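Please look over the sequence and the structure before reading on.

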Amino acid sequence: MKSFKKIILFVIFAFVLLSCSGTSYHKDKLSDELKSLVKKELGIDSTVVIIQNTLYLDIELDSVAKKQDEIKSSFDLVSEAFSAMTRVVLSSDSDIKFVIVSAYPKDKSILFRMGQNIDDFKAFYYMRISRDDFLSRSMIEIEGPQTAKFSIADKRDISIDEFAGRLIVSYIMNDIRSNPLFAASVSNVNLRFLKVETRTLYLSANIDIISEAREVLQLSLQQETANFLSKYEDANIRFVKVIGNKNSQILDLSIAPIAKQGGANK
């Protein structure tokens, strides 16, 4: 995460410089210019897909990282690709709102993904949100063999509701990975975003959670859903449903609206 924070702050610094130099990239050539920049800076080929206001950048890793130094190397590569993609969008005349970089090996057995709302970059630059708030709005997703291929192929224009929902999952899963006490309670939950429909955020869990873990997960979901919804005034999620194995319903929550924080979407 430290490397990712450095990349994010570097992009903000680059935005300061780019905002003084005008448009460097144009939306009708954005895809080809981004691929050329990634090739020039990282020495790798990439695939770019633009669907309305969402930009996807896919890069293929040589292999699945297993050792600590290999994992760090792969993470740094993804972070640098993310930096290049975001700098291109910030210095373009495009209408891109969400940027997502996905990295995976040739067999697509694992997926590492980063995502950001471009409006959040601008909100931080114009001091409408704090540094810590801005960094909390960075989406990180990790998918294993059972879901990676589907997630790689599943590209669509992202709504603010979906982005907020995926941020909630990203934050909770990162907390599980980094917090030993939390991990001990819900270590195998593997919470995943499914969809947002009729003001309801649908999530899946890998297992049918025992009662003690259900209470921990419920509290976390209630807190983080309310927290992230307060950051995005356009988000319209009022309920959360968590589906377990064999479509069993694990949690069915109602989220009380709270006062909105100052943020990117005002």
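What follows describes the sheet, then its helices, then a single serine.

This is a predicted model, in which local features need pLDDT of at least 70 and side-chain atom pairs count only at pLDDT 80 or more, while totals for chains, interfaces and linings use all residues. Residues are numbered from 1 along each chain as its sequence is written, and side-chain values use heavy atoms, with hydrogens and water left out.

**The sheet**
- An open sheet of mixed pairing is formed by 5 strands in the order S1-S2-S3-S4-S5; strands (E, at least two residues) and helices (H or I, at least four) are DSSP runs, numbered from the N terminus, and two strands pair if DSSP finds at least two bridges between them.
- Strand S1 (46-51) and strand S5 (139-143) are the edge strands, each pairing on one side only.
- Strand S2 (residues 54-61) and strand S3 (residues 98-105) run parallel and are joined by 8 bridges, and Glu60 has Tyr104 in S3 as its bridge partner.

**Helices on the sheet**
- Helix H2 (residues 30-42) lies across S1 and S2 and runs at about 150° to S1; axes are lines fitted to C-alpha atoms, for helices over the stretch in contact, and angles run from 0 to 180 degrees between N-to-C directions.
- Helix H4 (residues 118-125) packs on the sheet, where it touches S3 and strand S4 (111-117), and its direction makes about 50° with that of S4.

**Ser151**
- Ser151, found in helix H6 (residues 148-153), has a relative accessible area of 7% and is therefore buried, a term that means under 20% relative accessible area (1.4 Å probe, protein chains only).
- Leaving aside neighbours within four places in sequence, Ser151 is in contact (heavy atoms within 4.5 Å) with Leu111, Arg113, Glu143 and Arg192.

Note on methods. Buried means under 20% relative accessible area, exposed over 50%, partly exposed in between (1.4 Å probe, protein chains only).
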